[in-house]
Amino acid sequence: MKRKSFIASLALGLAASKTVLARMAVAFTLPKLPYAFNALEPHIDAGTMEIHYSRHHKAYVDNLNKALPGSGAEGKSLEEIIKNVSKYSTAIRNNAGGHWNHTFFWEILSPKATSPNGKLLKKIQETFKSVDAMKEEFNKAATGRFGSGWAWLILQKNGDLKIISTANQDNPYMDVVETQGCPIIGIDVWEHAYYLKYQNKRADYVNAFWNLVNWDQAEKNYNAALKKK
């Protein structure tokens, strides 16, 4: 009887350990939004912001945590997962991408008006001739993305700025995308990002986006990318 009790206790202990490990794998949380839901009006309405953040972004975080146990991604940072996403399941790819992309997106938006500055401004002028020319090319990438996805201004490994778009929740850090680089500016062109206010007029939403771009954060992103290059 003692042997049976020992085996039963051992089994319970192992089961408890697995539960603890599974809980430890649930590592990601929804970051705090850096402004109020209505702070970006009239360009992005409060209703869209609340749904986008509280439901869509939260769902990516929740589903990523559910997909972690047994995935091989347990204990890894979001950046580690993103950069090696080809190793993981579609669920990890979609939800890790969704979490990273939205966290980046909230930071590149600001209710405070800012202007291009510093090294990034100089590089944009060098690459695209003007900020307006860069915006025009960026807008084409954003409006031309078929279905759901993102448009990005990135710094490539060779030091060049480039504008690209990615499908679904992919981003330029992922080892599965055609053109890789460090994101400097990005826009979400999934319909949930704009449909309440703009309906099917994606171009209007993309144009309005430039009123909200946090150029100070873009400059920080560029300087950080230079160090990584």
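Buried means under 20% relative accessible area, exposed over 50% and partly exposed in between, taken with a 1.4 Å probe and protein chains only. The structure is a predicted model in which local features need pLDDT of at least 70 and side-chain atom pairs count only at pLDDT 80 or more, while totals for chains, interfaces and linings use all residues. Residues are numbered from 1 along each chain as its sequence is written, and side-chain values use heavy atoms, with hydrogens and water left out.

Q: Is Q169 buried or exposed?
A: Q169 lies in the loop between β2 (161–167) and β3 (182–188); helices (H or I, at least four residues) and strands (E, at least two) are DSSP runs, numbered from the N terminus. Contact means heavy atoms within 4.5 Å, and beyond four places in sequence Q169 touches residues including Y60, N94, H102, W150 and W190. Because its relative accessibility is 2%, Q169 counts as buried.

Q: How many helices and strands does the protein have?
A: Along the sequence the elements follow the pattern α-α-α-α-α-α-β-β-β-α-α-α. The count is therefore, by the DSSP runs, nine helices and three strands.

Q: What average pLDDT does the protein reach?
A: pLDDT is the predictor's confidence in each residue, from 0 to 100. Over residues 6–25 it stays under 50, and the model has five contacts beyond four places in sequence for that stretch. At least 70 is scored by 88% of the residues, and the protein averages a pLDDT of 92.

Q: Which residues of α5 are buried?
A: On the other side of α5 (118–128), K119, K122 and E126 are exposed. The buried residues are covered by elements that include α6, β1 (149–155), β2, β3 and α9 (215–228). The residues in question are L120, K123, I124 and F128.

Q: What arc around the axis do L120, K123, I124 and F128 cover?
A: The arc is that of the directions from the helix axis to the C-beta atoms. These residues are on the same side of α5, because the arc they cover is only 105 degrees.

Q: Is K129 buried or exposed?
A: K129 belongs to the loop between α5 and α6. Just after α5, K129 takes a positive phi of about 80 degrees, although this residue is not a glycine. Since its relative accessible area is 70%, K129 is exposed.

Q: What phi does N168 have?
A: Most residues other than glycine have a negative phi. N168 lies in the loop between β2 and β3 and counts as partly exposed because its relative accessibility is 39%. Although N168 is not a glycine, its phi is positive, at about 55 degrees.

Q: Is the peptide bond from E41 to P42 cis or trans?
A: P42 lies in the loop between α1 (2–25) and α2 (46–67). Most peptide bonds are trans. With omega near 5 degrees, the bond from E41 to P42 is cis.

Q: Which residues does K135 contact beyond four places in sequence?
A: K135 is found in helix α6 (residues 131–144) and is partly exposed because its relative accessible area is 23%. Its C-alpha atom and that of N207, 72 residues apart along the chain, are separated by 8.9 Å. The contacts of K135, leaving aside neighbours within four places, are W210 and W215.

Q: How many aromatic pairs does a search of the whole structure find, and what is the angle between the planes of W210 and W215?
A: Rings of Phe, Tyr and Trp (its six-membered ring) pair if their centres lie within 6.5 Å; planes under 30 degrees apart count as stacked, over 60 as edge-to-face and the rest as tilted. The search finds 15 aromatic pairs. W210 and W215, both buried, form a stacked pair at 6.1 Å centre to centre, and the angle between the planes is 20 degrees.

Q: At what distance from the ring centre of Y173 does K83 lie?
A: Y173 belongs to one aromatic cluster with F37, Y53, W100, F104, F105, W106, W150 and W152. A charge sits over a ring if NZ of Lys or CZ of Arg is within 6 Å of the ring centre and within 35 degrees of the ring normal. The charged end of K197 sits over the ring of Y198, 5.7 Å from its centre. K83 lies over the face of Y173, and its distance from the ring centre is 5.1 Å.

Q: What share of the residues counts as buried?
A: Residues 24 or more positions apart account for 69% of the contacts in the protein with a separation of 6 or more. The protein has 229 residues, and the share that counts as buried is 44%.
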